[in-house]
Amino acid sequence: MHDDLFSHLTSTPEPFVPGAYLLRDFVGQQDQPLLHDLQRILAQAPWRHMQTPGGLTMSVAMSNCGKLGWVSDRRGYRYASLDPLSGLPWPKMPPSFEALAQSAAAVAGCEQFQPDACLINRYESGTKLSLHQDKDERDFSQPIVSVSLGVAAIFLFGGLKRSDPVLRTELTHGDVVVWGGPSRLRYHGIAPLKPEEHPLMGRVRINLTFRAAG
Ligand SMILES: [Mn+2]
């Protein structure tokens with residue numbers, strides 16, 4: 001069913017580095033149903049600022065949906081099946097989310113992607129995410145699918161070592177980045193968000209990160 005929704009992209013795009021694909025405006029007209037489903041998720045699992053293992057408060061506000069949610073606290077980073085705020089399972093991953101993630105992965109050559117975790121990040125003016133690797137997942141053969149909504153941001157895409165050169169790419173509303181294979185453990189981050197406004201989303205950027213975590 002998702003092949004119809006995302007049929008505007010039919011051929012495999014060129015990777016911008018080996019294993020990493022930037023799918024411009026891949027979300028297209030599906031942004032409204034996504035945002036509608038997002039509101040339902042946030043009613044169950046509201047935004048929160050998690051603590052780092054070192055005791056700092058993260059500037060990015062977060063929530064999750066799916067079987068597993070990424071959490072951070074004084075005990076460390078991990079995936080958890082229960083929302084620590086409510087003690088309940090995270091909201092189910094809506095079909096609209098799953099279809100988007102699987103279609104994007106397929107366009108990037110990963111036909112078997114089964115995301116069980118969707119981390120939802122909210123950036124406000126000045127919010128950034130420092131360079132880091134996604135390495136709390138069990139199976140690094142599965143890609144990361146990252147969906148950008150709202151205010152544009154500068155995506156920082158480094159190498160496999162923290163000291164490697166960093167590419168800077170602007171991600172705008174509807175863009176999707178998929179990275180896997182030789183790029184799966186590349187360092188990445190987000191530069192401080194500019195104080196801009198998006199007509200649909202206001203002054204925030206929301207990022208959906210899909211992973212096969214468990
Ligand atoms: Mn990450």
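User: How many residues does the largest nonpolar core have?
Analyst: The largest nonpolar core has 52 residues. A core here is a set of buried Ala, Val, Leu, Ile, Met, Phe, Trp, Tyr and Cys residues joined through C-beta atoms within 7 Å. Buried means 20 or more other C-beta atoms within 10 Å of a residue's own, with C-beta atoms placed from the backbone. The model is predicted: local features need pLDDT of at least 70, side-chain atom pairs count only at pLDDT 80 or more, and totals for chains, interfaces and linings use all residues. Residues are numbered from 1 along each chain as its sequence is written.

User: Which residues have the most contacts inside that core?
Analyst: Ala104, Cys118, Val145, Val176 and Val178. Helix H3 (residues 95-107) gives the most to the core, with six residues. Helices (H or I, at least four residues) and strands (E, at least two) are DSSP runs, numbered from the N terminus.

User: And what is Ala104 in contact with?
Analyst: Leaving aside neighbours within four places in sequence, Ala104 is in contact (C-beta atoms, placed from the backbone, within 7 Å) with Leu23, Phe26, Val145, Val176 and Val178.

User: Switching to the sheet, what's the strand order?
Analyst: S1-S10-S7-S12-S5-S2, an open sheet of six strands with antiparallel pairing. Two strands pair if DSSP finds at least two bridges between them. The edge strands, S1 (20-23) and S2 (61-65), each pair on one side only.

User: How many bridges join S2 to S5?
Analyst: Five, with S2 and S5 (residues 117-123) running antiparallel. Ala61 stands opposite Arg122 in S5.

Technical notes
Buried ≥ 20, exposed ≤ 12 C-beta atoms within 10 Å, placed from the backbone. Contact = placed C-beta atoms within 7 Å.
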